[in-house]
Amino acid sequence: MSPINEAADRNAAPLAPGETQKLKFYQKGTHTVGNRLVDVDDRAVQSSLDRSNALTCGHRACQGCGEALGARYALDAAMRATGGNLIAVNATGCLEVFTTPYPETSWQLPWLHSLFGNAAAVATGVAAAMRVKGRSNVRVIAQGGDGGTTDIGFQCLSGMFERNDDVLYICYDNEGYMNTGVQRSSATPPAARTATTPAVGDEPGNVFGTGKSVPRIAVAHRIPYVATATVADLHDLERKVVKAMSIRGARYIQIDVPCPLGWGSASHDTIRLARLAVETGFYPIFEAEHGKVTAARKIRKRTPVVEYLKPQKRFAHLFKGGVEDPRVARLQAMCDANIEEYGLVDHHDDDV
Amino acid sequence: MEHPFAITLDVGTSKANHTGSWRNERPVYVHRLPPCNHACPAGEDIQGWLSFAESGDYEAAWRALTENNPLPAIMGRVCYHPCEGACNRAAIDAAVGINSVERFLGDQAIAQGWAFAPPAQESGKRVLVVGAGPSGLSAAYHLRRFGHAVTIREAGPLPGGMMRFGIPKYRLPRDVLDAEVKRIADMGVRIEYDAKVENIRDAMTEGGFDAAFLAVGAHIAKRAYIPAGEAAKVLDAVQVLRSMEGEDKPLLGRRVVVYGGGNTAIDVARTAKRLGAEEAVIVYRRTRDKMPAHDFEVEEALEEGVMMKWLSTIKNVESGSITVEKMALDDKGFPQPTGEYETLEADSVVLALGQDVDLSLLDGVPGLVVENGVVKVGPNMMTGAPGVFAGGDMVPSERTVTVAVGHGKKAARHIDAWLRGATYDPAPKHELASFDKLNTWYYGEAPKTVRPVLEIARRKSTFEEVVAGLDETNALFEARRCLSCGNCFECDNCYGVCPDNAVIKLGPGKGFEFNYDYCKGCGLCGAECPCGAIRMVPETI
């Protein structure tokens, strides 16, 4: 079959659910950001020359910041999906601080910041104002880190969910309060060292059996759309944002964004760690509609959790002196439970 | 500007903040040498031509390929593809079937009638090429491209040298050979047949040649003394393979013994089978793993029913039978006689013990040195005699078509420089794009549905039998399996993964640039580059 025929095939067959790009024989570029062999329209927003760069250069995020990356991925996709009719509301946190040291801003879209805990409520207000002014084509995104979402802003968030306000809330989850000096949040994983869960004592690091999963809580609100995503899978992330923007009502996307500073990892390892979080089952990537989990991203190459833990200094105490802490097995069990719960591995087929 | 209450500064963009000053390492785009190119004796830019093939532009791929090798349809059949042995993809699933894609492109070129452009300008220099084998043809092609007038003198009646008289038809159909030779002749290369050069000095003087390239093949069979009865039939491999080209096919009988362990021995045994021999037995003094023949050819021969007698030497040949002595390998791996004898039935014995080159044309050439039956050449392929260059089987090297083609190209470049009174200095080689330089996450696996077809594509012999329509799909599929090691294939990963928008995309075919005003040197682009085309280098103050 000629490449022309392939292109025709691709156009003829619409994308199946869960599919981002219809690729045939593109072994080389199947997982890359762009691909010179597919139609421009079928490529990722991030590969495009005219992406909006909603979060542009000169921001003061650390080297290799996963959050800066995740925010641009998400907002550029939303900008394209809404034709640029988009307003962002930001909770206090790294993202707010590193993008807007007065009088500079890195945002290339209307952007508001109020308090640490009220982003969801402010966004609700902006959406209401747009509706009242008859400009409901202008869409609203609220965004914050895991601290501003799972802890401080949780009440406002839950309110936004239960009222089904027309807002997409995006949580950039770096598993702690990184901006203020790496303190524990309710999204910090067990055993991780933070400033408030130091690596001392019999069981150093964060305590097992604490914390919460806001994606699961969001699903329990039976809102129209909930998804988790990762900076390690751009095509999946963009597809989820586009899908969220096609829906009215309360929506929630939580993106895994590794933090080189807080996690004690090399700046060039940000995407690799996000990828390992998925491939180990540590961070399940799924989506849910109206209270039901509808899809999960399969693991491509199942990997033991140690591969994920070892490059991070926040877990270094688990391998101190070359001896593996027994709690590594508990973390592995957590991953295995996720794999089981979301069906992340197809048992009958080890192929991708 | 009027400011609101308590506001003193204008709103500004963060672009005023040049975060590039944070950097202690900078990313740079590099080209690394793909292992396939590194391994190719003909010096092909395999990764380069595959990149055209994968976008379906087969003519551009063929043109890029023939920059280095004018014989892709031949090479796609007879090359032992060391490129595939070096291919990084082997560590992921299986090496890219480079050879089958090369053959596909070569066949396309013949089918479509793609031609080489004649040189834009004539240099006025005349070069004599002795021998129309792979090395001579390759040199003639490259010399002609430089604008020199080239004459090939071939001792035989037809072109191809060992490709015609040494490689059996089932591996290289003669119409393919003829088509690729004709394309070179059509550039204005003059080929004279039945024109054996007796003395190179005289030939050069008489013909007014400014330089010569000697590429005489190894057509003389080596003999070993084996006591043989009067009625015993003992032939040599060169003779057998050569007579396959004539009217009268060699008469080998029902039981044929081939003595030797090289590729020629295999070719003779397989030829004997095809001529109707019931038994074709290869007798070799060492073991299979010590055999110089390529393993896949041994395998194919075994599949065809050729039998092997390892660790054996022929002691005596009688009419209808031979006596072999069993050997044993000593500590150093050398075969030693054991004193145990065995008799095998044999109607004929074919000796395939290696070949020599007829060097009589070099007699009396001052400065020229012959050692161990081959001509000594410098790094520029020039013999001790100024202006006389040599390559292929004549010089110390591995004797394959691919090596010969490589010699022809290399010699042509040096001859061209020499004719201009200059020297040719090849560009320094890039660092090798080894597997550890790649991020293989980004390469997809072959979908299951396509895999059976792919298996067929990798098996050369069956590839010919795949119907025409499927050929292109297979070739395209194979080409797209290339990892593009060490060379950007514009996947946009660097452009996408930079948290600082510090990668500038220049558009199709133009690649990318770093914006060092904002690049913080995090190294994500380098870590996530699939093909290892970005290197992090320390900043200097």
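Q: Over how many bridges do E2(A) and strand E1 (residues 12-13) of chain B pair?
A: This is a predicted model, in which local features need pLDDT of at least 70, side-chain atom pairs count only at pLDDT 80 or more, and totals for chains, interfaces and linings use all residues. Residues are numbered from 1 along each chain as its sequence is written, while chains are lettered from A and ligands numbered from 1 in the order in which they are written. Within E1(B), Gly12(B) is the bridge partner of Glu104(A). Strands here are DSSP runs of at least two residues, helices (H or I) of at least four, numbered from the N terminus, and pairing requires at least two DSSP bridges; E2(A) and E1(B) pair in the parallel sense, and the number of bridges is two.

Q: Which element gives the largest share of the side of chain A that touches chain B?
A: Contact (C-beta atoms, placed from the backbone, within 7 Å) links 47 residues of chain A with 54 residues of chain B. H2, strand E2 (104-105) and helix H10 (270-279) of chain A each give two or more residues to this side. The largest share, four residues, comes from H10(A).

Q: Which residue in E7(A) is the bridge partner of Thr228(A)?
A: Chain A has an open sheet of eight strands in the order E3-E1-E4-E5-E7-E6-E8-E9, with mixed pairing. Strand E6 (residues 225-230) and strand E7 (residues 251-256) of chain A run parallel and are joined by six bridges. In E7(A), the partner of Thr228(A) is Gln254(A).

Note on methods:
Two residues are in contact if their C-beta atoms, placed from the backbone, lie within 7 Å.
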